[in-house]
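Here is a short report on the structure shown below. It takes up one chain after the other.

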Amino acid sequence: MTLVQTNPTIGDEQDRPVNLWRDAWHRLKRNKLAIFGLGIIVLLAFVAIFGPYLTPYDFLSQDLQARNQAPSLSHLFGTDDLGRDVFSRVVYGSRTAFLVAIVVTAIALSIGTALGAVAGFFGDPYDRVIMWLTDMTMSVPNLLLVVVINASLKTPIARWMEAQYMATLNPFYRETIWIDFLLVFGSMALISWPPYARLVRAQVLSIRSRPYITAAMALGLSNRIIMMRYVVPNALGPLIVAVSAGLGTAMVLESAFSFLGVGVNPPTPSWGNMISDGLRVWQHYPHLLAAPAAVLGLASVAFSFLGDGLNDALNPRGTK
Amino acid sequence: MTAQNTRERLLDVKGLSVEIDGRGGRAVVVDGIDLHVTRGETLGVVGESGCGKSLTMLSLMRLLPNKIKVTKGSADFDGQDLQKMSARALRKVRGGDIGFVFQDPMTSLNPVMKVGDQICEPLLYHRGMSRQDARKRAVELLRLVGIPGPEERLNAYPHELSGGMRQRVMIAIGLACDPKLLIADEPTTALDVTIQAQIVDLVKQLRAKLGMSVVWITHDLALIAGLADRVVVLYAGTVVEDAPVDALFANPSHPYTRGLLASIPTLSDAPAARLSSIGGTPPEPGRRPPGCPFAPRCPVAMDICRKEVPKLEPISSEGSHRAACFAAHKALKAA
């Protein structure tokens, strides 16, 4: 047999998971709910990315002549108490929602995966310490922690930024929106990582002791290849489901914080602070509450459906 | 032992001990095992569950779980000590020169990887083959182990195959790099008898074709009779008898071996007769009796058996048949 060396990187893991993904996609396509969820998410993502080109109004432009209008052709979701177009604000709110969801989930997933993998792979004493940390974090009420962080850090940081600005006149220190994002993202990631850590740890623990891992070691494969092709793909199903659900949860969480006034600050549109504003006047102008709440609900449900669908699709032993 | 002898030995295990570091202290599960495999030979390793068969084979390749450790002994493979080898060199031997076939075909294949890719794995890693060549070789291997329609089977996931098929795939993976030694750990236990016979025939054919050595671990003596050249009988982590297969069945010398052979039911047994068995249970690791580990269950135990541990010594004139039993040693001297 002639050895034609077309693929110089032996044991390259690039194209192998592709097969897994392609097969998973075939299975996913047959799941109607998952495809519905995926469709909603793609639509929302599209709207979030191309928002500025889709909305007829700026989300900040006020029209005091047309306040609190009911939905009409010129204002699809009506207008709010300052005459701002609710449709435009919901569209811009989707940018906030996606930004928060993606950044928070990414941070939480990184922390959780790293800690969970170390705990599962190396065992005690790392395992014990990391699990203490996880339990400790989970035992603090989420909202309380976020409120405490925001209340105690927001003002000092803002003052410090102001002082820096006065000292240097560098306009960077005027951008207070980044403080918001830093604190909101940071505190949300801080309360979101423990479930990922637990999940990854449990996965690594159970997979590490499976016979096919011993068999892979008996084939002389390196730890890196075993990790990438045997442990990770087998752990991926539950992790992807958790991430998909986590994205939805992060969106809802951000809305909850905005609702309580510890989230993204106005005038940056967020579904949460729109719901909060709408709630005060919902008897008179129900559309101000209904529009953001419906979109938030839809997004949350879409992520759940997709997560469930992915769970079935990524498990080739499934019944379908 | 002559130098000639040493060169013929592909695998030479000397005084290998394995201990479990458990909650109740350390327990010796494999106690100074000596065994060897010559080139082209099939060695049967028999013994009841928990006697250390699988642990011995795993320890050779340093595949033991965390709390189980090799404490003593060496395992020379092709002139190199597997126990002292660097991790990198050992990885070359694993799957390259030594193929492994595991007990349970249901759980020993990666469930999310197509079988074709799993067969390609050692080829890509040890042989540096391109993906296309590896797939061609995988088709050959599947044909070799008697899987019909190998081209289509490459794209099957393990759960889409039957138990017998999966075991064949495992054997194909073990054979992928033309190993010098194939270690098969009860490869037919999970299969029904007809498939078992097919697999045994397959391994015999392949051995003849490829000239490799085979270590076949089992607790099925009937199976070993038709397959092995030489048999090692393990009891409680020690070798109690080591003999050419004909000598073992014609003249079993250790009372434990005799007990094992006597407990194989035959068609000529009276229909209502009770199955013969060895009384008692094997000692738990860590609670071995001071003398011969089999002494408490032995029908011919003498005083010395409860005090001293018998050594594995020749009991035939040409020295190929050895047993660790005072009674057998005495019988030889008397003769």
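## Chain A: overall build

Among contacts in chain A between residues at least 6 apart in sequence, 70% link residues at least 24 apart. The model is predicted. Chain A holds ten helices and zero strands. Its pattern along the sequence is therefore α-α-α-α-α-α-α-α-α-α.

Chain A has 320 residues, and 46% of them count as buried. The accessible surface of chain A comes to about 16300 Å². Carbon and sulfur atoms account for 68% of that surface.

## Chain A: confidence

The average pLDDT of chain A is 78. A score of at least 70 is reached by 84% of the residues. Which helices mark the two ends of the confidence range in chain A? Helix α1 (residues 16-29) of chain A is lowest, at a mean of 67. Helix α4 (residues 126-139) of chain A is highest, at 90.

Residues 1-18 of chain A stay under 50 in pLDDT. For this stretch the model has 34 contacts beyond four places in sequence.

## Chain A: a covered helix

Helix α9 (residues 271-280) of chain A is mostly covered. Seven of its ten residues are buried. They are A:Trp271, A:Gly272, A:Asn273, A:Met274, A:Ile275, A:Ser276 and A:Gly278.

What covers these buried residues of α9(A)? The cover includes α3 (86-122), α8 (223-260) and α10 (286-313) of chain A.

## Chain B: the sheet and its edges

Chain B contains an open sheet of eight strands. The strand order is β6-β7-β8-β3-β9-β10-β12-β11 (chain B), and the pairing is mixed. β6 (98-101) and β11 (313-314) of chain B stand at the edges. Each has a single partner strand, so one side of each lacks a neighbour in the sheet.

Strands of a sheet pair through backbone hydrogen bonds, either parallel or antiparallel.

## Chain B: a helix across the sheet

The loop between α2 and β4 (68-77) of chain B includes B:Arg62. B:Arg62 has a positive phi of about 55 degrees, although it is not a glycine. Is B:Arg62 buried or partly exposed? At 28% relative accessibility, B:Arg62 counts as partly exposed.

## Chain B: strand β10 and its partners

Six of the seven residues of β10(B) are buried, so this strand is largely enclosed by the rest of the structure. β10(B) is joined to β9(B) by six bridges, and these strands run antiparallel. In this pairing, B:Arg230 has B:Pro244 in β10(B) as its bridge partner.

Strand β12 (residues 322-323) of chain B also pairs with β10(B). Two bridges join them, and they run antiparallel. Here B:Glu241 has B:Ala323 in β12(B) as its bridge partner.

## Chain B: the β9-β10 hairpin

The hairpin of β9(B) and β10(B) has two residues between the strands. B:Ala236 lies in the loop between β9 and β10 (238-244) of chain B.

B:Ala236 counts as buried, at 6% relative accessibility. B:Arg62 also has a positive phi, but B:Arg62 counts as partly exposed.

## Chain B: a buried aspartate

B:Asp81 lies in strand β5 (residues 80-81) of chain B. B:Asp81 has a relative accessible area of 15%, so it is buried, the cut-off being under 20%.

Which backbone atom lies 2.9 Å from a polar atom of the B:Asp81 side chain? The atom is the backbone nitrogen of B:Gln83. Leaving aside residues up to four places away in sequence, B:Asp81 touches B:Ser74, B:Ala75 and B:Asp76.

Notes:
Residues numbered from 1 in each chain as written. Chains lettered and ligands numbered in written order. Predicted model: local features only at pLDDT ≥ 70, side-chain atom pairs only at ≥ 80, totals over all residues. Heavy atoms only, no water. Pairing = 2+ DSSP bridges. Helix = DSSP H or I, 4+ residues; strand = E, 2+ residues; numbered from the N terminus. Buried < 20%, exposed > 50% of the residue type's maximum accessible area, 1.4 Å probe, protein only. Polar contact = N/O pair within 3.5 Å; in protein donor to acceptor, adjacent residues only side chain to side chain. Contact = heavy atoms within 4.5 Å. pLDDT = per-residue confidence, 0-100. Areas by Shrake-Rupley, 256 points an atom, 1.4 Å probe, with all protein chains shown as cover.
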